[in-house]
Amino acid sequence: MSISRFALAFVLFLPLMALAQVPAMDAATPKLDHFDPNLVDKSISPCDDFYKYACDKWITANPIPADEVYWSTGSGLERWNDNVLRETMEAASKDDPKRTPVQQKIGDYWAACMDESGIEAAGLKPLQLELDRIAALKSKAEITLEIAHLHHLFPGAWEGSDNQTNAPFFGFSGGQDYDDATKVVGQIDQGGLSLPSRDYYLNTDEKSVETLKKYRAHIEKMFMLAGETEAQASSDADTVLALETALAKPQMDNVKRRDPKNINNKFTLAQLRELTPHIQWEVYLKAVNAPASDHYIVSSPEFFRAEDKLLADEPLGKWQTYMRWQLISRAAPYLTKAMDSENFDFFAKTLAGQQEQLPRWRRCTHWADRDLGEALGQAYVDRAFPPESKARTLEMVHAIENAMHGDIESVSWMTPATKEQALAKLKGIEDKIGYPSHWRDYTPVKITRTSLLGNVEQASSFEFERWVAKIGKPVDRTEWTMTPPTINAYYDPQLNTINFPAGILQPPFFEKNMDDSVNYGAIGMVIGHELTHGFDDQGRKFDAKGNLRDWWTAEDAKQYDERGKCISDEYTQDVPDAGPGVKQNGLLTQGEDTADNGGIHLALLALAADLQRQGKSLNDKGPDGWTELQRFFLAHAYSWCSNIRPEITRLIVTTNPHSMPVFRVDNVESNMPEFAQAFGCKAGQRMVRANACRVW
Ligand SMILES: [Zn+2]
């Protein structure tokens, strides 16, 4: 539940937001961006605006394609990765009895997904059985069983999707216990919403009110597309909006959720029954095949109290409308063009600013990666991640871990007692590079050539039950929560692991033939970032074994908080070009910002040590005239060059714990004396911060 991800922030949203139409296969091989220091804009001073200096030329030359909400130096890689998956699936898609079981699944998934005329001809038929189930409910007592059924059906109801707040009614999964990381227990999370966060329902500024109005109109249109009269659809839209708003109010906000203490609320089954007498937990747990749990963790008891009261007060008919909405809205991307387009129009265009749908083939690769990721991932690794890449990455990881060891020993504000614990935690971190040591077995997932929606439901059901089945069993430390082609990375505080999928170990983040300065500035910073997560304001609350345990002396904790506050104050700032009132919330992004600053600091220490071993120094000039230190900072900035639509910016600052790319460069570099030294910046210039922050 509390996994911290490095995240090109937006990547987390695209699978939810980007949904459907117009195929037009573009067969051109996508182009990867490679670091090029000649791209800097010498008319700008690096000491005034480093992000502009390093990125402006790239930004001008690379406008956002109409079917994207942002475009960055990593975007070419995303297309390239998609293309690898597409070639793999296409090759497996011929209905050949000689295919392996893995080829049958990925090939038939592809065939069903690309068959748009078949999907059109089927109309709403694939959904009918589900609509009938909801219509047949005779009493509120039957709602619990239907919730369990809905939780199987769609991505969003399970932990791996990173989107628990969006499960219908609430989220349920198995997860490590906060107090004893060797145990897997049932975890119950707030949920029930369709919009990205509670703020979308509750904020009263003009923009939010207008968005909510558009959401209401969207619900109405969708009900009409599902066959309702205008009058009925209008009244149903009111019902849905009223219920979702009522569920949004008692939700814990995303800043409060960052403190694991706030969500670590233990309940026995008897206490759970008392908390929510209108949810029949025995019925639910049996229907989702949940093994007995030592106890349950309820993220937000307040939410459940309010939801239970709503279940008691509102009539069955209204809940049937709500469930019908949840079903239609979640299934829309996999249904007819009319449904898919209307869904795109609101969730992607209005909320995120995407102008056109992605080509069909790219959507199919994204869904297949989500649904059968480790089946597809094997082919991706064979093609894109040679053993040399793994070996070189692992060397960098070890060098950065050594740097952190030295850094912890040398910080002035920590007492020896806390340092000892921090070093034990660092020593306990497990490094995972590229892909899992064994591949997930998808045998129970039945994939056919005839129903995309059916395939999505099969895969979702498998994934949901896979997490639930972990309850009461020993922890599997080998599992990954990202697929191999993912351009991202994460630290898991309860497993105490850092994880770098093969998808990000590619240009422009990592090149096996590039010099150290560039690799450390780009992927080295990412490695340092994940490592620092173990010691950010969330991560520091977990010990080496992954238990939520306070290992800090009171004085050291106080010292830490002061440094953390420096970061959260510094990052609370206006977002340029995103419209009035759009502000980064430093309290929401504090962990990621701490990891960004610590990450680059550690990467630089490791680079300096590596160069020294080779008899070189950071101030050596390369053949292109740049020093090693300058190349390090330029490569860091280059990996973040981005164009971003204002709509998605608003969405990110409200819901995403990562700062905008411009801050991930300018704030970080302006906190570093090494940066000022690299480019000869002087006190008083914008990139030399008078009150520089430093945690790690
Ligand atoms: Zn992170």
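This is a predicted model: local features need pLDDT of at least 70, side-chain atom pairs count only at pLDDT 80 or more; totals for chains, interfaces and linings use all residues.
1. Disulfide count and pattern. The structure contains four disulfides. With bonded cysteines counted along the chain, the pairing pattern is 1-7, 2-6, 3-4, 5-8. Three of these links are taken up in turn in the next points.

2. Cys 47 and Cys 681. The sulfur atoms of Cys 47 and Cys 681 lie 2.1 Å apart, and the two residues form a disulfide. The torsion about their S-S bond is about -80 degrees, so this disulfide is left-handed. Cys 47 sits in the loop between α1 (14-17) and α2 (50-61), while Cys 681 belongs to the segment after α27 (673-679), so the pair ties together parts that are 634 residues apart in sequence. Cys 47 and Cys 681 are both buried.

3. Cys 55 and Cys 641. A disulfide joins Cys 55 to Cys 641, with 2.0 Å between the sulfur atoms. The link is left-handed, with -80 degrees about the S-S bond. Distant parts of the chain are linked here: Cys 55 is in helix α2 and Cys 641 is in the loop between α24 and β10 (642-644), 586 residues apart. Cys 55 has a relative accessibility of 0% and counts as buried. Cys 641 is also buried, with a relative accessible area of 0%.

4. Cys 566 and Cys 693. The sulfur atoms of Cys 566 and Cys 693 are 2.0 Å apart, which makes this pair a disulfide. The value about the S-S bond is -85 degrees and the link is left-handed. Cys 566 lies in helix α22 (residues 554-571) and Cys 693 in the segment after α27, so the pair ties together parts that are 127 residues apart in sequence. Cys 693, with a relative accessible area of 3%, is buried.

5. Packing of α23 with α24. The axes of helix α23 (residues 586-613) and helix α24 (residues 628-638) come within 12 Å and cross at roughly 145 degrees. The crossing of α23 past α24 is right-handed. On the α23 side, the contact is made by Ile 600, Ala 603, Leu 604, Leu 607 and Leu 611; on the α24 side, by Glu 628, Leu 629, Phe 632, Phe 633 and His 636. By class, the contact consists of eight nonpolar residues, one polar residue and one charged residue. As background to the spacing of contact residues, an α-helix has 3.6 residues a turn, so residues three or four places apart point the same way.

6. Helix α26. In helix α26 (residues 661-670), 10 of the 10 residues are buried, so this helix is largely enclosed by the rest of the structure. The buried residues of α26 include Val 662, Phe 663, Val 665 and Val 668, and also Arg 664, Asp 666 and Glu 669.

7. Four-stranded sheet. An open sheet of four strands runs in the order β3-β4-β6-β5, with mixed pairing. β3 (170-176) and β5 (266-267) are the edge strands, each pairing on one side only. Strand β4 (residues 184-190) and strand β6 (residues 296-298) pair in the parallel sense over three bridges. Gly 186 stands opposite Tyr 296 in β6.

Methods: Residues are numbered from 1 along each chain as its sequence is written. Side-chain values use heavy atoms; hydrogens and water are left out. Axes are lines fitted to C-alpha atoms, for helices over the stretch in contact, and angles run from 0 to 180 degrees between N-to-C directions. Helices (H or I, at least four residues) and strands (E, at least two) are DSSP runs, numbered from the N terminus. A crossing is left-handed if the near helix is turned anticlockwise from the far one by less than a right angle, and right-handed if clockwise. Contact means heavy atoms within 4.5 Å. Ala, Val, Leu, Ile, Met, Phe, Trp, Tyr, Cys and Pro count as nonpolar, Asp, Glu, Lys and Arg as charged, and the others, Gly among them, as polar. A disulfide is a pair of cysteine sulfur atoms within 2.5 Å. Buried means under 20% relative accessible area, exposed over 50%, partly exposed in between (1.4 Å probe, protein chains only). Two strands pair if DSSP finds at least two bridges between them.
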